[in-house]
Amino acid sequence: MRARNLYAAEGLHRTHFGQLLVACPVRRMYADLSESAEVARRTQDVRAFNRANRWRKRGLALVLNKFGISFTAKFMNQAGALVHVYVDGTVLVTHGGTEMGQGLHTKICQVAARALGVPVEDVYIRETSTDTVPNASPTAASASSDLYGMAVLNACEQIKGRLAPYLEACGGDFKKAVNAGYFDRCDLSAHGFYVTPGICYDWNNPNCKERGSTPFRYFTYGAACSEVEIDCLTGDMRVLRADILMDLGNSLNPAIDIGQIEGAFVQGIGWTMLEEVVWGCNEFPWLKPGALFTRGPGTYKIPSFNDVPVDMRVTLLKDSANPTAIHSSRAVGEPPFFLGSSAFLAARQAIASARRDNGHPDEHFTVDTPLTPERIRMACGDRIAESFSSKMSRPRPSGFW
């Protein structure tokens with residue numbers, strides 16, 4: 001990894017589409033992860049292991065990434081919410097996002113509780129429905145906590161503003177203030193709305209041309225270091241250790257976010273190492289053209305328990321508040337996904353070591369994703385693999401396979 005290729009920390013670099021990077025932490029993250037993951041020492045350990053072992057090889061790779069947060073269709077960057085406060089002090093929240101196990105409802109409850117100054121146990125979620133919050137954007141692009149969190153905050157601030165004189169009169173007691181407001185005919189319900197500001201990628205807009213395109217509100221940054229071991233005789237691969245560092249600003253819920261990071265990272269390993277799609281084509285003549293062979297778990301392999309890193313360490317970057325999102329947080333979900341490619345690059349290093357032992361000294365070689373056990377085995381370049389690949393490269397008789 002060449003640190004000189006990294007983005008600068010503050011206001012010196014733009015993306016290829018012209019967006020200025022503000023408070024970019026990748027240099028700090030690279031240095032922090034290199035130290036915490038002991039990259040220098042472990043690199044030497046990997047080399048020593050590879051010198052001592054003929055048929056098992058290891059590799060180590062560190063990857064950084066940035067992920068833009070906002071929908072790239074401008075009209076989708078809007079969100080609505082509906083908040084009701086009841087005379088017993090409980091709160092009912094409806095928003096346009098879909099809960100699918102990613103913890104969105106939990107975060108929204110936290111936002112409402114914090115805004116109104118009530119216990120999170122007093123905040124209830126009504127499931128998403130277009131009869132309460134219409135015209136919702138898809139729950140996608142990792143932006144839903146930002147969008148709907150801000151919409152809920154907007155609604156809560158409206159109610160809190162109406163309740164202000166009653167809160168003052170009741171000494172800050174929320175339930176008493178709500179009762180006083182109700183008997184004084186104060187509206188205890190509000191529709192919240194949020195539009196992501198600063199989004200601009202209209203190339204004909206002179207403002208965009210002047211300051212550069214800004215299709216994203218901000219970026220979520222991540223870094224990962226993976227150490228893998230391959231079996232040169234079978235192609236089997238396992239991730240021995242993965243160190244992941246994510247910049248999530250002031251996380252809304254670290255427990256949820258760390259779980260999201262772990263899941264996205266393992267999914268990224270599946271994407272780069274396991275999930276091969278096989279269609280009928282010239283390469284696979286035993287299938288009808290256009291027929292999909294990998295249609296279920298018997299043929300399409302997603303990550304399982306055995307593919308989770310043996311040692312997995314997740315850390316959130318400190319002192320990196322993001323003032324452009326809800327409560328200075330950063331989005332999580334998709335951003336850690338690409339970091340799974342660190343396992344792919346580490347496996348490629350392990351293959352390179354095997355190839356050197358088999359008489360291919362540092363020559364360029366290509367491996368494709370997904371780097372399945374079959375592809376690992378065939379890429380090692382030993383006599384058995386090359387004999388098989390040479391036979392497969394000969395012209396096949398009609399009807400072969």
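**Close-up 1. Glu229 and Arg56 make a polar contact through their side chains in this predicted model.** The distance between the two side chains in this contact is 2.6 Å. Glu229 is part of strand S6, which covers residues 218–231. Glu229 counts as buried because its relative accessibility is 4%, and the cut-off for buried is under 20%. Apart from neighbours within four places in sequence, the residues in contact with Glu229 are Phe49, Arg56, Lys57, Arg58, Asp236, Met237, Arg238 and Leu240.

**Close-up 2. Four strands form an open sheet with mixed pairing.** The strand order is S1-S6-S7-S8. Strand S1 (56–69) and strand S8 (311–316) are the edge strands, and each of them pairs on one side only. From one strand to the next, the twist averages 10°. Helix H2, residues 39–52, packs on this sheet and touches S1, S6 and S7. The direction of H2 makes about 145° with that of S1.

**Close-up 3. S6 pairs with strand S7 in the antiparallel sense.** In general, strands of a sheet pair through backbone hydrogen bonds, in either a parallel or an antiparallel way. Strand S7 covers residues 237–247, and its pairing with S6 extends over 10 bridges. Ala224 stands opposite Ile244 of S7.

**Close-up 4. Helix H7 packs against helix H8.** H7 consists of residues 254–273 and H8 of residues 341–357. Their axes are 7 Å apart and meet at an angle of about 45°. This angle makes H7 oblique to H8. On the H7 side, the contact is made by Phe265, Ile269, Thr272 and Met273. On the H8 side, Ser341, Ser342, Ala343, Phe344 and Ala347 take part. By class, six of the residues in this contact are nonpolar, three are polar and none is charged. H7 also lies across S6, S7 and S8, and runs at about 130° to S8.

**Close-up 5. Pro336 lies in the loop between S8 and H8.** Is Pro336 buried or exposed? Pro336 counts as buried, because its relative accessibility is 0%. Leaving out residues up to four places away in sequence, Pro336 touches Met246, Ile261, Ala264 and Phe265. Phe265 is also one of the H7 residues that make the contact with H8. Pro336 and Gln260 are 76 residues apart in sequence, while their C-alpha atoms are 8.3 Å apart in space.

Terms used:
Residues are numbered from 1 along each chain as its sequence is written. This is a predicted model: local features need pLDDT of at least 70, side-chain atom pairs count only at pLDDT 80 or more; totals for chains, interfaces and linings use all residues. Side-chain values use heavy atoms; hydrogens and water are left out. Helices (H or I, at least four residues) and strands (E, at least two) are DSSP runs, numbered from the N terminus. Buried means under 20% relative accessible area, exposed over 50%, partly exposed in between (1.4 Å probe, protein chains only). A polar contact is a pair of N or O atoms within 3.5 Å; within protein, one must be able to donate a hydrogen and the other to accept it, and residues adjacent in sequence count only if both atoms are side-chain atoms. Contact means heavy atoms within 4.5 Å. Axes are lines fitted to C-alpha atoms, for helices over the stretch in contact, and angles run from 0 to 180 degrees between N-to-C directions. Angles under 35 degrees count as roughly parallel, over 145 as roughly antiparallel, 65 to 115 as roughly perpendicular and the rest as oblique. Ala, Val, Leu, Ile, Met, Phe, Trp, Tyr, Cys and Pro count as nonpolar, Asp, Glu, Lys and Arg as charged, and the others, Gly among them, as polar. Two strands pair if DSSP finds at least two bridges between them.
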